[in-house]
Amino acid sequence: MTDDKTDIAEDVTEYIGKDEGSNPGHSLALPDQMRPRRMYLIPVTNRPFFPAQVQPVVVNQDPWQETIKRVAETDHKILGLCFVNNPDEASAVPSSDELETIGCAVRIHHAQQEGGKIQFIAQGLQRIRIVQWLRRRPPYLVEVEYPSEPDEPADELKAYTLAIISAIKELLRTNPLYGEEVKQYLSRFGPDDSSPLADFGASMTSAPGPELQEALNTVPLLRRMEKVLLLMRKEQEVARLQAEISEEVNDKVQKHQREFFLREQLKVIQRELGLSKDDKTSDVERFRERMAKLHPPEHVTQRFEDELQKLKVLEQGSPEYGVTRNYLDWLTQVPWGCHSEDHFDLQAARDILNRDHDGLDDVKDRIIEFLAEGSFKGELSGSILLLVGPPGVGKTSIGHSIASALGRKFYRFSVGGMRDEAEIKGHRRTYIGALPGKFVQALKESGVDNPVIMLDEIDKIGASYQGDPASALLETLDPEQNRGFLDHYLDLRLDLSRVLFICTANQLDTIPRPLLDRMDTIRLSGYIAEEKLAIAKHHLVPRLLKKAGLRKKQLNITDAALKQIIDGYAREAGVRNLEKLIHKVIRKGIVKLLADPDTPIKVGVPDLQDYLGQPAFRKERSLKGTGVVTGLAWTAMGGATLSIEASRIHSTQRGFKLTGQLGDVMRESAEIAYSYVSSSLKRYKGDPTFFDKSFVHLHVPEGATPKDGPSAGITMATALISIARNEAPQLTVAMTGELTLTGQVLAVGGIREKVIAARRQKISTLILPEANQGDYEELPEYLKQGLTVHFAKHYSDVFQVCFGSKMKRAGASVH
């Protein structure tokens, strides 16, 4: 029925209370005159309620308080309980369609309210089947009937009854907790009551709600007992597995406890007989054994004895014991007085450097000189080297080669981004998780007090509120101070004078000046194409083939292809990108080999576009034309050529415009060049009034790249003179030099990098400041070969080279 029957349902409440008898007795099946045909209903969610059960039921006070109240007002106190499978959790009240049709009539006892819940004892009485809904919202009211059980053969009933009794006994043996439920059942029924026995057996299992509801729905007794027996067999299997697991766990626990007690007894017996020592005694003896192998100075020995004595009197459970033990552990692992012998065979050192590196002859000579000095005096104490160069030129690998040539242990760590000075000098040992600094860890790791320690990326060291690591390095990298380096954790002076420190950096600008003054700088400027080809053939290709598990005959990259990769894809100063590109070629070659294993792969120049795509760098046109001049620049990635363009926009008014994302210093250089050329134009055979009526635009291409520095002064002046004379420079020339207002050409830095950049662009005529002639002379011969270099002291020397005019001033010197 629908909710429009609500009023009728309310009217029958009084009838329900008076229609039935008040004392139905304790039998399971109610007499006909005591069966209420209409009753209130409450849903149960976890599992259905069976007629043979007596157990507490807890429901929410809202919305079932009114239902319990109305049932309590009746004489029979009977309530219907129906199972709800998978109720809607968002709703506290399931709809009438969700309730099962067959439920259980129960009598409620001792209803109590507490904490928003109502608890009562439910005594299962008899199955009910919902015939008609009289009220479809709480309090639910239904009209029910009581299904009757058909007659069954007595022999079969007896057999099933005995089987269920046997199953109940089996469950009692595996889980004694069922004993209380059996006592309650026997107080109400006898063992021969088959129907309640079947229901009781089903209620004992932990089967899911829908399976239990199937047993409740089954009215014929034999079929019901079959289903109950199946549920009880499953329950017996679960109980058996649970018992086996518990027994296994108990056996393990008992075994561990037995072993623990036996072990402790054995320790006591061995200690009494003098055959073993406790943990504290073992620690003390181990620390003494370590220290006996070392040659510590007197102050270290005294500290060791003091800490060891403290360890002996401390309890093992105290926090101080752990701190002291860790301190002694570190103290005895520092290689006090232990060092390796240096190898001063200069020829062997040169062979190692040549084996590991192609090119860099000037760097190798500098390292051999350094080793020769150490060989002459017998030690390399007080030495701090700084290798400066672009990424990928081999700074870290040179450090490895130096350690190998000397026969020393090598330890490397990066200080890039380091912001805590405790990384250098250690933490105070009273802090939780305190550790010594990196240098103590390096000594412990290497096992000697004279390793080669490399500090990578020292130009990228940071600073924060936790301290300034660069300042902490001042003591370490000072040969006069590192004899007494103090680590905060050990709180002892260490002698680091035997350590050879090698630092690496990409540039010097970000290194603090006091720190830079303590280091001997060696520059690695980068590689020219010939050197890159040798490195690729002798190092990169063999290493990458070995890494990929290939033989040379399976995949071959021709020399011409390597040259094309270098010129068209990898023009940077180092070889890191070149290695990535070769690796990419090898990977694509492996894909082809897997498709056709019997055909060797040969990679030539025509194949490169299939492997690497279009070249990143194309052949540049000759940089010629009025107002176009090539300059030389230095960057952190090495040297580079820089085109500078000047153009006359109009002749209506004087003006000067700069573009190309120029920095402040470069803008000042442009202003100086503009002022100098404007004041000296007559001297250089130009119209003196040209700039008075011209708006000039000077641009440095690649505007997305920031540019700065003073070395483009003479290049800008040449571009301005070119448009003023309406004449292009006579030669394809590249130049660098700072210009003053009086026309003087001052020295600049990065000569090696700039010469390499010019060779890379196949420019053979250069103009350099006369003050840099010494820097040029120091370059290796293979870099100077084929170059024509003019050294300028005054801008007139530059003008003479570019425009060939006869000046009053002497011409530039030529190399």
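**Notes on the backbone, charges and buried faces**

1. His110 sits in strand 4, which covers residues 102-114. Keep in mind as you look at it that this is a predicted model. What is the phi of His110? It is near 55 degrees, a positive value in a residue that isn't a glycine. For background, most residues other than glycine have a negative phi. Is His110 buried or exposed? With a relative accessibility of 66%, His110 counts as exposed.

2. Staying in strand 4, have a look at Val106, which is found there too. Val106 is buried, and its relative accessible area is 0%. The C-alpha atoms of Val106 and Ala243 are 35 Å apart in space, and the two residues are 137 apart in sequence.

3. Glu457 is worth a stop for its backbone and its side chain. Its phi is positive, about 55 degrees, although Glu457 is not a glycine. Where is Glu457 found? Look in the loop that runs between strand 9 (452-456) and helix 16 (469-476). The side chain of Glu457 forms a salt bridge with Lys460, where the closest N and O atoms are 2.9 Å apart. Glu457 is partly exposed at 25% relative accessibility, and Lys460 is also partly exposed, with a relative accessible area of 39%.

4. Which residues of helix 16 are buried? They are Pro469, Ala470, Ala472, Leu473, Glu475 and Thr476. Note that a glutamate, Glu475, is on that list.

5. Now for helix 15, residues 438-446, whose buried residues are Phe439, Val440, Ala442, Leu443 and Ser446. Viewed down the axis of helix 15, these fall within an arc of 155 degrees, so they line one face of the helix. Just after helix 15 comes Gly447, with a positive phi of about 80 degrees.

6. Two peptide bonds deserve a check by eye. Most peptide bonds are trans. The bond from Asp62 to Pro63, though, is cis, with omega near 25 degrees. Pro63 is placed in helix 2, residues 61-73. Where is the other one? A cis bond joins Pro138 and Pro139, with omega about -5 degrees. Pro139 belongs to the loop between strand 5 (117-135) and strand 6 (140-145).

7. On to salt bridges: searching the whole structure turns up 31 of them. In one, the side chains of Glu305 and Arg288 meet at 3.2 Å, N to O. Glu305 lies in helix 9 (residues 298-313) and Arg288 in helix 8 (residues 279-292), so this pair ties together parts that are 17 residues apart in sequence. Glu305 is partly exposed, with a relative accessible area of 31%, and Arg288 is partly exposed with 35%.

8. Another bridge brings together the side chains of Arg350 and Asp365, at 3.3 Å from N to O. What does this pair tie together? Arg350 is in helix 11 (residues 346-356) and Asp365 in helix 12 (residues 361-377), so the bridge links parts that are 15 residues apart in sequence. Arg350 counts as partly exposed at 27% relative accessibility, as does Asp365 at 34%.

9. A positive one is formed by Lys584, Arg587, Lys588 and Lys592. Lys584 has its place in helix 20, residues 576-595, and counts as partly exposed at 30% relative accessibility. A negative patch is made up of Asp664, Glu668, Glu671 and Asp708. Of these, Asp708 lies in the loop between strand 19 (695-699) and helix 23 (713-725).

10. Which residues make it? Ile245, Val249 and Val253 do, with an area of about 250 Å². Val253 lies in helix 7, residues 221-273, and is partly exposed, with a relative accessible area of 39%.

Technical notes
Residues numbered from 1 in each chain as written. Predicted model: local features only at pLDDT ≥ 70, side-chain atom pairs only at ≥ 80, totals over all residues. Heavy atoms only, no water. Helix = DSSP H or I, 4+ residues; strand = E, 2+ residues; numbered from the N terminus. Buried < 20%, exposed > 50% of the residue type's maximum accessible area, 1.4 Å probe, protein only. Patch = residues over 30% accessible without salt bridge, like charges linked within 9 Å, V, L, I, M, F, W, Y side chains within 5 Å. Areas by Shrake-Rupley, 256 points an atom, 1.4 Å probe, with all protein chains shown as cover. Salt bridge = Lys/Arg side-chain N within 4 Å of Asp/Glu carboxyl O. Lys, Arg positive; Asp, Glu negative; His and termini not counted. Charge placed at Lys NZ, Arg CZ, Asp CG, Glu CD. Arc of directions from axis to C-beta.
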